[in-house]
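Open the model in your viewer and keep the sequence panel beside it. This tour goes stop by stop: select, look, move on.

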Amino acid sequence: MRNRDTMTVWRAFLPDLLTACGLIAAPFILPSLGFAADTVNRILVLGLFGIGFDILFGFTGLLSFGQSAFFGTGGFVAAYLTINGIIPNVMLALVIGTIVGAATGVLVGLIALRRTGIYFAMITVAIAETFFFVENSPLAAYTGGENGLSGVPSPVFNLGFVTWRVGTGYSMYTFLAICFLVGMIIARRIIHSPVGAIFMAIRDNPIRARAVGHAVERYKLLAFTIAAAYAGLAGGLLGVLQGYMPPDAFTFDTSGELIMQTMIGGTGFLFGPLAGAAVWLYLRDFLQSGLGLGAAWKLVLGIIFVLLICFLRRGVIGGVIDLVGLARPRRSSAPTDEEPLPADAPPKKRPAPPPGPVLEVRGLSRRFGGLVANNDIDFTVEAGELRGVIGPNGAGKSTFFKMITCEMAPTAGTIRFQGRDITGWDVTDVCQIGLTKSYQVNQLFTKLTVRQNLAISALAAARGRFRLDVLRRATHVPGVTAQIAHTLALIGLTGRADVAVSDLAYGEKRRVEIGLALASEPTLLLLDEPLAGMSPQERAETVQLLRRIRVGRTLIVVEHDMDAIFGLAERITVLCEGRVLADGTPLEIQASKAVQDAYLGGEVVE
Amino acid sequence: MLSWPNFISQLFNGLALGALLALISSGLTVIYGTLGVLNLAHGAMFMMGGYGGFVTYQYTHSFALALVGGTLCVLVIGVVTEQVLIRHFYRRPPEDQLLVTFGLGIVFVELVRLGFGSLSLQVSPPEWASGITRMGFLIYPTYRLYVMGIIAVALAVLYLILYRTRIGMIVRAGIEDSGMVDMLGINVFRVFMLVFGIGAAAAGFAGIVDAPVLPLTPDMGDQILVETFVVVVIGGVGSFPGAILGGLIAGEILSITSMFNPSYSQVMLFVVMTLVLLLRPQGLLGQSSRT
C-alpha cells in the first residue's frame, strides 16, 4: 500500500521533473540547432505568456483576442516601478506587475464575460485597443508613449554565500527558466485541481456545468484572471529580458501572435505556446535571413497558421500525439459488448427526507407572447414518490420541467421545494439544494471521459457553487471518488469509466446523462424522457435502472413510453394544452375518458 | 476653440465617419447574421477595396470606375474565400471560425504588403468632388459631402437588396432561423456564398470611397475592424438597422471627442460600448436571444 502511494506521488511529479530536465538540457541542445540565446529567452517569455492563455482558451474555451492588455499592463507597471526606483527589488516589482495584471483582468473580465462566443472575442479586442490608446497618449508621461521605457534593471539575488546578478545570455536564461518552471508547476496544479476539471466542463458544455451546480460565471472570471496574471508576469519578464519595455507590447499584434503561436503548438497541453513560439521564432529567422524572404515571412507564417486551423487543429504537439497513438494502438475500446447492469448496486445511505410534500407547485403559468405553454398548474409530489408526467406533444411538459428546475422563470405561480420557496432562483442554486434534471437531449461533457463527467457533478455536490481550491488535486476531494464509483456501478458503466463520452454508444450516453444528474446527489430528480431513442433492450435495462435509483429519492419522470411509465409510477399527472387534465393512479388514468379523448384526438372534456 | 462653425463641421465629420462605419459594419453584421461567422478578415476586405480601386484608377483615371473596380474585386475575393475556405467551417465551433478568418486577414494584409509595399498610397478625390463648399458660415471639403451622399446611396442599395428582393427575404429569414430556411428546401449554401460576397463588397466599397480621405496602407483595416466591432456591439449583432445606428453614434463620438482631446476619442468609444453592455447587453437594436 505504502509502495503504491509512493508510486502515485512519483507519477504526479514526473511531468514537473521532465520539464526541469528539458529546461536544463535546452542550452546544450538548442544552440546546435541554430537558436541564439536571446531567441531561447524570448521563447520562454512567450511560453509563459501562453500558459495563461492556454488555461483560458485551451481548457476553459474562452478565446480572447485582448491578452496584450494584461501583458502590457504587467510589463509597464514592473518597468515603471524599477526604473524610477519606487521598488528597487526587481522580483518584488515583477510580483506587483503580475498582481496589477490580474486585477486588470478581473475588471476587464467583469465586462467582457457578460457575453459569450463572438461577442466576448469582439469585446476583448475593443478593450485591448483601448488600453493601447490609453498607454500611448493619456498615460504617456508614465509609459514613455511611443518611446517605451528603457533602462529596466535585471534582478539581483543575494544567496548568502554569493550574490547572483542576472546578466544576459544564459545567465538570463537560468532566471527565466526558473520562472517558467514555477509557472508551469502552478499551471499543472490548477489544471489537476477541481477548478481545472470545472474549467474543462465549462469548455465542453457551460449549460450543463451550470445545471449541475457550479457558479460558471465566477469560474470563467477566475480563468480570465489567471490568464491575466500569467500575461502580467510575462510582460514584466519581457522588460527585464530586453532591459526595455516596448510600447508595442500593447498592440493587437501581440495578442494575435500569442494566438497564432498557441495554435501552432497546440491547445490544451500547456506546452503548446512554448513549442509554437519556438517554431514561430525559428521560422521567422529562417525565412527572413535563411531564405532572404524579408518582410514576407509573416505571409508564410499566416498561411501555415490557416492550414493548421484547417487540417491540424490540435497543433504540432497534438499532431505528434496522434501519430504516436496511431503507431501504437491502444487497448481495444470497441463499444461492442455493453456490459449488463449489475443485479443490485447498494443504494447510498441518505438521510430520511423531511415529512410533507417534497415539491409543491401552485398556479404555475408560462406565456410566450400570445402562446400559453403552461396555464395555472397545481402539482404536489410526496417524498419517496415516483411520479409520471405524460401528455401529447406540445402539452407543455418540457416547459413545466424547465420552470421547476429554474432554468426558466414562470410568468406566474410559485414553486416550493422541501417547504422552501424557490421561485425565481438560479438553476445552480436549486441543484445545490438537491433538485436537478436529466435532459431529453443529452447534455454531456463530450471530450471528457465517463469518470470525469461524473466527477463534475460529484464535485459540485462536495464543494458547493464556488471554491478556490486551485492547488488541491481533484481526486483528493473527500467523498468524490466514492460517489463516482457508486454512480458508475448504478448506471452500469464501471468497465467503461475511462472512455471518452464521445466514443460511447447512444444507450451508454443516455445512461451517463442520468448519471450526471445522479452524481449531484439530488433529493428530487426530474427525468425528461429517459427512454427517448432507445432500443427495446436498452429500454428494459433503463427501466431497471430507474427502479434502483428511486430508492431513497423522489423522482418525476416525463415519458412517452406508456407501458414503461404505467409500470413504474404510483401516480400519473396528465398535461394537455398547458393544463393538468387528470391526476391519479395508473388505473384511474387508463380508465379516464378525458385522457383517452386527449390522446385519440377527441374533444377535451373540461 | 469651441466655436459654432468648428462644432458643426465636426458634426459633419462625425456623420461622414459614421456613415462609413455603418456601411462596413452592416457588411459584417449581415454575414454574421446569415452565416453565423464573424469575419475577422473584414478589415482586410475594406483595405483590399481601397487597393482594388487604386489599381483601377491607375489604369482608367476614372474615380467612378475605381468605385466599381474596387467593389467587384472584393466581391470576387469574398465569393472565392467563401467557396474555398469558409464553407468548410460552418459546422465547426465558432472559435475555429474566428481563428481561420483571423489568419486569413493576416494573409491578405501580407499579400498586399508584398505587392504594393508598406508605404502609404494616395488617391486624389475626383475633380468633380474636389475643393470646398460654402454652406452659410461653414466651409467644408466637398468630397466629404459626396462621401455622405455616396454611402447613403450604398446603404439604400443594401437595404433594397435585403428588404425588397427574394435573396434578401431568405437572408432575413436565415438571420432568424437558418435551420428552418434549410428545411424549406432553399439551397442556403448558394445564398451564403452571395451574402459573404455582398458583405465583403460593402466593406470594399467603403475602402475605395474612403481612399481620398485616408491614405492606403496594408494595415489600414485593423483599426477599422476594431471600430466596427464596437459599432456592432453597440447596435446589436446581426441587426442591419443596429449597424447603421451604431455606426452613426460611433462616428459622432469619435469626432466630437476629438474636438476636445483627440487622444481620448477611442477611450470614449470604449466607455460608451461598456455602458451599452452594462445597460442593454444585446445592443441597442439587438434581439435578447442572441448571445
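**Stop 1: Ala458(A)**

Select Ala458(A): it is buried, because 29 other C-beta atoms lie within 10 Å and 20 or more count as buried. Bear in mind that this is a predicted model. Ala458(A) sits in helix α17 (residues 450-463) of chain A.

Now show the neighbours. Leaving out residues up to four places away in sequence, Ala458(A) touches Val480(A), Gln483(A), Ile484(A) and Ala519(A).

Next, draw a distance from Ala458(A) to Ile86(A). The two are 372 residues apart in sequence. In space, their C-alpha atoms are 48 Å apart.

**Stop 2: strand β11(A)**

Select residues 524-528 of chain A, which form strand β11. How many of its 5 residues are buried? The count is 5 of 5, so the strand is mostly covered, with 20 or more other C-beta atoms within 10 Å as the cut-off for each residue.

Look at each face in turn. Leu524(A), Leu526(A) and Asp528(A) lie on one side. Leu525(A) and Leu527(A) lie on the other. Both faces of β11(A) are covered.

- Strand β10 (residues 435-438) of chain A runs parallel to β11(A), joined by 4 bridges.
- Strand β12 (residues 554-558) of chain A also pairs with β11(A) in the parallel sense, over 5 bridges.

Centre on Leu527(A). Ser438(A) stands opposite Leu527(A). In β12(A), the bridge partner of Leu527(A) is Val557(A).

**Stop 3: the largest nonpolar core**

Move to Leu48(A), Leu176(A) and Leu237(A). These three touch the most other members of the largest nonpolar core, which has 281 residues. Which helix gives the most to this core? Select helix α10 (residues 216-242) of chain A, which contributes 17 residues.

Zoom in on Leu237(A). Residues up to four places away in sequence aside, Leu237(A) touches Val45(A), Leu48(A), Leu94(A), Leu176(A) and Cys179(A).

**Stop 4: chain B as a whole**

Chain B has 10 helices and 2 strands. Along the sequence, the pattern is α-α-α-α-β-β-α-α-α-α-α-α. The radius of gyration of chain B is 19 Å, close to the 19 Å that the globule rule gives for 291 residues, so chain B is as compact as a globular protein of that length.

The C-alpha atoms of chain B fill roughly 60 × 50 × 35 Å.

Colour by burial. Of the 291 residues in chain B, 54% are buried.

Then turn to the contacts. Take those in chain B between residues at least 6 apart in sequence: 76% of them join residues at least 24 apart.

**Stop 5: where B touches A**

Bring chain A back. Select the contact residues: 33 in chain B meet 34 in chain A. On the chain B side, the elements that give two or more residues are α4 (94-116), α8 (220-235) and α10 (265-279) of chain B. Which of them gives the largest share? Highlight α4(B), with 15 residues.

Finish by colouring this side of chain B by residue class. There are 23 nonpolar, 5 polar and 5 charged residues.

Definitions and conventions. Residues are numbered from 1 along each chain as its sequence is written. Chains are lettered from A and ligands numbered from 1 in the order in which they are written. This is a predicted model: local features need pLDDT of at least 70, side-chain atom pairs count only at pLDDT 80 or more; totals for chains, interfaces and linings use all residues. Two residues are in contact if their C-beta atoms, placed from the backbone, lie within 7 Å. Ala, Val, Leu, Ile, Met, Phe, Trp, Tyr, Cys and Pro count as nonpolar, Asp, Glu, Lys and Arg as charged, and the others, Gly among them, as polar. A residue is buried if 20 or more other C-beta atoms lie within 10 Å of its own, exposed if 12 or fewer, and partly exposed in between; C-beta atoms are placed from the backbone. Two strands pair if DSSP finds at least two bridges between them. The radius of gyration is taken over C-alpha atoms; the globule rule is 2.2 Å times the number of residues to the power 0.38. A nonpolar core is a set of buried Ala, Val, Leu, Ile, Met, Phe, Trp, Tyr and Cys residues joined through C-beta atoms within 7 Å.
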